[in-house]
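Subject: Structure for your review

Dear colleague,

I am handing over the structure below, together with some notes on what was found in it. Please read the notes with the coordinates open beside them.

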Amino acid sequence: MTTKNQPTSSTDTHYADTTVVYYRLHSHSLLKEAVTTAVGKGTLAVSNFVRGEYIRGYVIGLMELYFVIKEEQSVENGIHLFNGEMGTRHPRKVANAFQSATSWLGSLEDAMDVEKTLRRLGEHIRATLILFDMTFIRRARDPLNCAIGVLSFPSVTYQENHLLDFYEEYQRIRDDPDCDQCEFRRKQQAKLSEAGIDLYSQIQQQKYEHCKGYVQQINWIEKAVRSPKSKPTCWYCDRLGDTIIALSPPDGLTIVSGDSQSFPPLADILGKPLALIPSLNTLKAQRDQTTEHLGS
């Protein structure tokens, strides 16, 4: 189940990437169990950067679903419009989570009542972020100081204006982020250079050409390194999330990920321990094989 580049014990602290967040909160029980097994008796920490990725990818998406239902004044039309855009804008793991949320909305009593559905969806959005914080209690330091990653709702009963305020603050941050992205980039370039680590050369591209996620990351890394920008931009974090997460854990933390296309090469190159969660299809095959063996 796990691939570890360095020996770790069952009581180590583990560092969750965003796939693990989706596995724990929105996925099949086999994936949830696989994360628990990978961590063992250790602890699982997330950074506020990962929390920010979850907000950008899922919480804000649910808010957009809320607003499109309100604009259409039709639950059914709003869901169809949202689902139509969803597949082209989000990775499959996020799209699956959204599909679950829209199916849940459609299954409720009075599901076509716009006002009741908006109320339920608004409360669900607020509860989703609360569940994240209750599930991932331990935090690792975020070297980027992502401002999106610390956004929260007021600790009072749900009100629609809370969604509006949250969304407006999110957009304000994206328009003019005040984080340590540029300093993080400079420090990481210097650290990699000093350690003689080749993160994205042509040699590495050829070595890991079978890992499409890593190859895509390389393209964005090269652009980021050449960038003349002197101010942070969320544009790069949107595209370089895997690399940022791989570079961020303090020494000794084991990265836990379900992304077999980006993290094995990144962890190998950086010399960081990695616990790789198998795909759901692999886990199902293992379960079925065990069940068949026990039944024989």
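**Helix α1 and its neighbours**

Helix α1 passes α3 in a right-handed crossing. The axes of α1 and α3, the latter spanning residues 48–72, come within 9 Å and cross at roughly 65 degrees. On the α1 side this contact involves Thr-18, Val-21, Tyr-22, Leu-25 and His-26, which meet Val-50, Glu-53, Tyr-54, Gly-57 and Tyr-58 in α3. Sorted by class, the residues of the contact of α1 with α3 are six nonpolar, three polar and one charged. Please keep in mind throughout that this is a predicted model.

The packing of α1 (residues 18–26) against α2 (residues 29–39) has an angle of about 125 degrees, and the two axes lie 8 Å apart. Because angles of 65 to 115 degrees count as roughly perpendicular and those over 145 as roughly antiparallel, α1 is classed as oblique to α2. The crossing of α1 and α2 is left-handed. Val-20, Tyr-23 and Arg-24 of α1 make this contact together with Leu-31, Lys-32 and Val-35 of α2, and these residues divide into four nonpolar, no polar and two charged.

With helix α6 (residues 114–135), the axis of α1 comes within 11 Å and crosses at roughly 105 degrees, so α1 is roughly perpendicular to α6. Here Val-21, Arg-24 and Leu-25 in α1 meet Leu-131, Phe-132 and Thr-135 in α6, and by class the contact has four nonpolar, one polar and one charged residues.

How many cavities of 30 Å³ or more does the count give? The count comes to one cavity at that threshold, and the largest cavity has a volume of about 110 Å³. It is lined by 14 residues, of which Cys-146, Ile-148, Cys-179, Cys-234 and Cys-237 are the closest to its centre. Helix α11 (residues 234–239) gives the largest share of the lining of this largest cavity, namely three residues. The lining of the largest cavity is made up of 10 nonpolar, two polar and two charged residues.

**The second largest pocket**

The second largest pocket has a volume of about 380 Å³. Its lining consists of 25 residues, and those nearest the centre of the pocket are Arg-185, Gln-189, Ile-221, Ala-224 and Val-225. Which helices each supply at least two residues of the lining of the second largest pocket? They are α8 (181–195), α10 (212–226), α11 and α12 (241–247), with α8 giving the largest share, eight residues. By class, 15 of the residues lining the second largest pocket are nonpolar, seven are polar and three are charged.

With best regards

Methods:
Residues numbered from 1 in each chain as written. Predicted model: local features only at pLDDT ≥ 70, side-chain atom pairs only at ≥ 80, totals over all residues. Heavy atoms only, no water. 1 Å grid on protein atoms, 1.4 Å probe; cavity = no way out; pocket = protein on both sides within 12 Å on 5 of 7 lines; lining within 4 Å. Points joined across faces, edges and corners; volume = space filled by probe spheres on them. Helix = DSSP H or I, 4+ residues; strand = E, 2+ residues; numbered from the N terminus. Nonpolar A, V, L, I, M, F, W, Y, C, P; charged D, E, K, R; others polar. Axes fitted to C-alpha atoms, helices over the stretch in contact; angles between N-to-C directions. Parallel < 35°, antiparallel > 145°, perpendicular 65-115°, else oblique. Left-handed = near helix turned anticlockwise from the far one by under 90°. Contact = heavy atoms within 4.5 Å.
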